[in-house]
Amino acid sequence: MIDSTLKNANILIIDDQEANVEVLLGLLEMQGYTNIKTSIDPREVISLYRSFVPDLILLDLMMPYVSGFEVMEQLKPLIPEDTYLPILILTADVTPESKQRALSGGASDFLTKPFDLIEVGLRIRNLLHTSYLQKQLQNQNLILEEKVKERTAELVNINIELIAAKEKAEASDNLKGAFINNISHEIRTPLNGILGFSQILTDAGLSNEEKEEYLSMVNESSDRLINTVTNFIDISLLTSKNQEVNRLEFDLEPLLCGVVEKLREPSRKKGLKISMEIPENADGIKAKTDKDLLEKTLFHLLDNAVKFTELGFVKLGFEIKGTDIRFFVQDSGVGISPENNLQIFKGFTQEHASMTRGYEGSGLGLSIASKIVELLGGKIEVSSEKGVGSTFSFSLPCFSQSFGFVDENIPVKKSKPGDKLNVLVAEDDEFNYFYINKILKYEFINLIHAEDGQKAVDICLNNPEIDIVLMDLKMPLMDGFEATRQIKLFRKDLPIIAVTAYSGTEDRKNAMMAGCDEFITKPVKKEVLMNTLERFGVKVL
C-alpha cells in the first residue's frame, strides 16, 4: 500500500544537462515511478512547482541563469510551514562549503556526481517515505483537531443546559449555597481534563500509545462532566415539580441487570463483589411505572453504595409484597450514623463535609433518588450501622400480574449478506454528522445526509430503499418530531431512531408519540449507537 503510494508521487527533476536528466528519468521509470516532470531551465521551477506540486525535487546546484541555491530561496515562501518538501541535491560540486550551504538552505539530502544509481534510488525512496509519514501524521492531527472541535461543541451545549438548570434551581429557592461550590468543582475538574488533554493531543511528537491514553482521559472526563450536568438538570426538574412521569409496563429483571452492568467495572476496580438478589422464577415479572426514573433511582443508590464501600460487597435486588415491589440496595461500606440518616438525602450532602475530599461527585445522587421515589408514590428508607454497612430500600405500588415479555413492536430490518444498507442521517450540525459518519464508515453502509427535517421527508419519499433513519429532533425548517410524523404516514415500518440533545422523560415520550422507534441522547457513545442499530438488524461491531 505504502509502496504504491510512493510510486505515484510527483517527482520534479531540474538539471541543465540533458544527459543527466535522461539518466535520472530512466532510473525512476525503471523503478516504477509514474509522475515525473523535468526541466533543463531552472527559471521554470516556480511555475512548475505551482502547476505540478511536486512531492520530491531532484536539483542540480551549478546551472546557468539561476543556481540551485537561488532556486531553494525562491521556493521557501511558496512552501507552507507545515509541509515537508524533500529536496535531493545532485551536483558535481564536491566542496564542503557547497554541501553545508545547500543543507542549510533547505536541501534534505546531498549527493555528488558521478553518483551510484542504486544509492540515488534508495535515497529517493527514503525521502518519499519520510514525506509520506509526515503527511500521515498531519492527517492524524487533523482528525484529532476535529475531535477537539466535537468536544468543544459538546461543551457549548452542556454549558447552555447547565445555565438553564442553574436558573431553574435558583428560582425554586430550594437549592443552597453549596450549589456554586459543587458546580465549580464538578465542572472545572473534568473540564480541565478535557481541555488540557485535548491540547496535548495536537502535539505532533506523541506516540500512538500516548494518544490512546490521553483520548481515554478526555472520554472519562467528558463522562464525568455529562453525569454532573445531568444530575443538576434532574434535581432542578424535581425541585421545581416539572418532572413528567410516564408509566408503562416493562420487564423488571433486564432493567436491574442493566443497572448492575453499568457499575460492574467500577466495582471490579475496587475489588468489590457486585450481585443481584431476585425472587425465584423472576423471568417475566413486570412492573408498571416510569421505567427511566426507576432505572435512574436504582443507579444512584447502587452508585452511592459502590462509592462508599471499600471492602466486601454491594447488592441490588427486589421482592414482591402484594401489589408492591420492594427494591433494595445493600452494601458493606462505611455506614451512616443514625442522626445523619435524613441529612444525607439533602442535596450536595455527605455525612461529613470532610468526606467530599475523598469521594468525587455532585452530592446529588441520594437527593435525586429520594425525590424520584416520592414522585412515583413511595418513600426511601435507610438502615445502617457505622463500619458495618447500609441498606437503602423503597416500595412502589407497581407490580403487574401479567407475565411474558413485552412486545415493543419494534420494526426490524434484517440485512442479507452483501446487501447495501441505506442509512439516512437527519442532522443539521456538521460536527455531529461528521462524528456519526466516522462511526458508521463501513463498506456495507451507505450514509445519506439531510440537513433539516423537510429534506429528510423528501429523501424518504423519493428513495424507498432507505432502510433506517437517525433523526435529530431540533432542526431548521421542520423539526424531527414533525418529520417523523410525516415519514410514518407513507413508510409506517421504516425504523426511525431519535438521536437528540433533548434528554427529558417528556422529550422521549413526545418522540415516541411522533413515531420514533428508539431514543438516544447526545452526546452519543459509539457503543450505544451500535447496540441500538443491532436491535434493528444492523450488526457492525
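Here is a short walk through a sheet, the helices beside it, a nonpolar core and a helix pair. The model is predicted, so local features need pLDDT of at least 70 and side-chain atom pairs count only at pLDDT 80 or more, while totals for chains, interfaces and linings use all residues. Residues are numbered from 1 along each chain as its sequence is written, and side-chain values use heavy atoms, leaving out hydrogens and water.

Let's start with the open sheet, whose five strands follow the order β7-β9-β10-β12-β11 with mixed pairing (strands are DSSP E runs of at least two residues, helices H or I runs of at least four, numbered from the N terminus; two strands pair if DSSP finds at least two bridges between them). β7 (273–277) and β11 (381–385) are the edge strands; each has a single partner, so one side of each lacks a neighbour in the sheet. β7 runs parallel to β9 (residues 313–321), joined by five bridges, and K273 stands opposite F313 in β9.

Now look at the core. The largest nonpolar core holds 60 residues, with F327 and L298 among those with the most contacts inside it (such a core is a set of buried Ala, Val, Leu, Ile, Met, Phe, Trp, Tyr and Cys residues joined through side-chain atoms within 4.5 Å; buried means under 20% relative accessible area with a 1.4 Å probe, protein chains only). Helix α8 (residues 208–239) gives the largest share, ten residues.

Finally, F481, T484 and R485 in α15 meet D507, N510, A511 and A514 in α16, where contact means heavy atoms within 4.5 Å.

Terms used
Buried means under 20% relative accessible area, exposed over 50%, partly exposed in between (1.4 Å probe, protein chains only).
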